[in-house]
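Please open the model in your viewer and keep the selection tool ready. We will go from stop to stop, selecting as we go.

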Amino acid sequence: MSAALIKNLQAWREAGWLRRLDPAFAAFLQELEPGAPPALLLAAALLSHLEGRGHSCLDLAHLLQDAEDLLSWPAEAMTALQAQLAELPPSLADWLGQLSGSALVEIRAEREAANTPLVLRGSRLYLRRYWVYEQRVARQVLGRCELGAEALDQTALRQRLDLLFPPSAVFDWQKFACAVALRGRFAVITGGPGTGKTYTAARLLALLFALDRRPQHLRVGLAAPTGKAAARLKQSIAAALMDIPAGFDCGLPRPELAQALGAARTLHSLLGARPDTRKLRADAATPLALDVLIVDEASMIHLEMMAGLLEALPPTARVIFLGDKDQLASVEAGAVLGDLCSEAQAGAYSAETAAFALATTGRALPPEYQLPPLLAPKPLSQQTVMLRESRRFGGPIGQLALAANRGDGKAAAALLKQGAADLLWLDAPGPPQVLQLAERGRAGAPGGYRVYLELLRQGPATPDRAGFEAWACAVIQAFERFRLLCAVREGEWGAQGLNAAVEGALIQQGLLSKNGEWYAGRPVMVTRNDTGLGVFNGDIGIVLKPFGEGGLRAFFLDGSSLRSVSVSRLADVETAFAMTVHKSQGSEFEHTVLVLPDKASHVMSRELVYTGITRARSAFTLVTGWAPGFAWALGRRTRRASGLLDLLGG
Ligand SMILES: Nc1ncnc2c1ncn2[C@@H]1O[C@H](COP(=O)(O)OP(=O)(O)OP(=O)(O)O)[C@@H](O)[C@H]1O
């Protein structure tokens, strides 16, 4: 029966329902244990498949109760799976019994050094690696939360907080977030776009310097998962620091303070990730030389990275995560920020936290955010604050983002169709409509790639290096104002198909000329970190002929600083007229076009649509090849299986 099962798994791979790795993993386990029960082999293949879709584990109870909900496979695949399941034990207890009897599965020992490939906890089956990461993250988070309040002079803190956040009639969540981050070694500040996460982090930094006895020695790091997000964090923090009232004594002169923060780095570069190994240069034995670390865009941090990051921080260091819990999780396994923020909306604060809020902010925490007296407060929830008021996103895009985040497809569609210039719903029978939009944009909204291509054609205003650099910056900035985002990667509605089609259309219009893979004006996105070259996954640049001699180079803009890399050295890049929503995280564009395909796909979800919408600064266009797809996507929440929530609940 096992041989027949492996054969079936291979057929499912050929049909495109599984990856090559998935049946190979099941076959490998069968080689290790020829008598392994078929239920175990099927579970292993599905576990491997789900890991590729971002789950940390396979919940066998979910599989047996509602496989369709778990997998969202096409009908034909579901029929095949159900037929296979019908040949296996019907009850969860039997599955657990069979799996527990295998030497491939560890069920009890808490030892991380055991070497079974699989770990079973309750009804959750893990690849060992992910089980270990969850344990590490939970241990670190709880340990850091429980370090608790150091000797904090609440009166001194209150005085300073009042200077930074003038007393207001309502409870000030930003002020509270600063106080919470100051009382512990771990804090999460979550909130939608423009709710003032960076503004709060900058004031928190000012407070940390102000309250430190030796501010000149305070070692602060800024980091984010991508280069672009890191550059944006640095810029926003620098701007927000300038905004701090001149009378506030930060302990250091402002320019020195900005200098003390140094550059913002990608997490990969901060931790010393290397392409050929999973091992990070920074770890518990060689920790980061930091007292404070602020990490932005935390929704993009995957489980493995989070485990590595927390372990590389000295136990005494303070870490503050900023991010939007409702955005898409990382491409890799885990939904760590979502798990960390499970009670952020509700608050779930203890009486002790409420007393702390009153003492430090001067306002009582609204009672609806406090936990009823008989319930046990979770330590992590006491160190988590959600910012609730958007300062930038009041208009139609903000309303659309809120409706999408609630899953209200009707209200969201009505906003898109109401005729405001900022928003547009475009039904497209095929990609040609998208190509027209990509070239010319639309009335009432900035962009269309014609704008940057015309700048490209005009060339520098003056024939010197300064003229070239100003022009290169202007070309990149014009490109960055507009972007096509796709839900899927493959197919004519996906990023790959649209990239080729947009490129072809721009060539046909005489806006681009191409002879070979590399050409002036090609926008490229880096797909793999290369610390040697100084390029990181997600960096976007434009290929240009450099000033003076030499072949084509890709130019990247970090804030206001321009850097370039010879195209001959760039191995891992993709054309970037269209990119997936996943890859767009951490970026914003004046006009964002979200392209939904002409049929359902398991990647379409509320989080994907919300993330796409919140990439738009001033205009948003939805293009859909299948009109019901928008509401369908908003009705689907991404639920990634993980045991982290349970582990953090203690
Ligand atoms: N308390 C405040 N008073 C006045 N302006 C504020 C306040 N908080 C935030 N802002 C302003 O609102 C805007 C958005 O703030 P900020 O960039 O910090 O939000 P964010 O949550 O970090 O946004 P993003 O999601 O883009 O990272 C900024 O212009 C900031 O200066």
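Predicted model: local features only at pLDDT ≥ 70, side-chain atom pairs only at ≥ 80, totals over all residues.

**Stop 1: two packed helices**

Select residues 21-32 and residues 38-52. These are helix 2 and helix 3. They pack at an angle of about 145 degrees. Their axes are 8 Å apart. The crossing of helix 2 and helix 3 is right-handed.

Now show the side chains in the contact. Helix 2 brings Leu 21, Asp 22, Pro 23, Phe 25, Ala 26, Leu 29 and Gln 30. Helix 3 answers with Leu 41, Ala 44, Ala 45, Ser 48 and His 49. By class, this contact of helix 2 with helix 3 has eight nonpolar residues, three polar and one charged.

**Stop 2: a parallel pair and a hairpin**

Move on to residues 105-106 and residues 118-121. You have strand 2 and strand 3, which run parallel. Two bridges join strand 2 to strand 3. Pick Val 105, and look for its bridge partner in strand 3, Leu 118.

Arg 121 has Arg 124 in strand 4 as its bridge partner. Strand 3 and strand 4 form a hairpin, with two residues between them. Click on Gly 122 in the turn: its phi is positive, at about 60 degrees.

**Stop 3: around the ligand**

Which residues are around the ligand? Select Gln 174, Gly 191, Pro 193, Gly 194, Thr 195, Gly 196, Lys 197, Thr 198, Tyr 199, Ser 236, Arg 391 and Arg 392. Colour them by class. This shell has seven polar, three charged and two nonpolar residues. Next, highlight residues 197-211, which are helix 11. Helix 11 gives the most to the shell around the ligand, with three residues.

**Stop 4: a residue in helix 24**

Jump to Ala 495, in helix 24 (residues 495-508). Is Ala 495 buried or exposed? Ala 495 is buried, because 27 other C-beta atoms lie within 10 Å, and 20 or more is the cut-off for buried. Leaving out residues up to four places away in sequence, Ala 495 touches Cys 486, Arg 489, Ala 578, Met 579 and Thr 580.

Now draw a distance from Ala 495 to Leu 182. Their C-alpha atoms are separated by 43 Å. Along the chain, Ala 495 and Leu 182 are 313 residues apart.

**Stop 5**

Zoom in on residues 540-544 and residues 553-558. Strand 16 and strand 17 pair there over four bridges, in the antiparallel sense. Val 543 stands opposite Ala 554 in strand 17.

**Stop 5: an enclosed helix**

Finish at residues 606-613, helix 26. How many residues of helix 26 are buried? Eight of the eight are, so helix 26 is largely enclosed by the rest of the structure. Click through Arg 606, Glu 607, Leu 608, Val 609, Tyr 610, Thr 611, Gly 612 and Ile 613 to see these buried residues.

Then show what covers the buried residues of helix 26. The cover includes helix 19 (396-406), helix 25 (581-584) and helix 27 (629-634). Strand 14 (482-486), strand 21 (589-596) and strand 22 (616-624) are also among the covering elements.

Technical notes
Residues numbered from 1 in each chain as written. Axes fitted to C-alpha atoms, helices over the stretch in contact; angles between N-to-C directions. Left-handed = near helix turned anticlockwise from the far one by under 90°. Contact = placed C-beta atoms within 7 Å. Nonpolar A, V, L, I, M, F, W, Y, C, P; charged D, E, K, R; others polar. Near = placed C-beta within 6 Å. Pairing = 2+ DSSP bridges. Buried ≥ 20, exposed ≤ 12 C-beta atoms within 10 Å, placed from the backbone.
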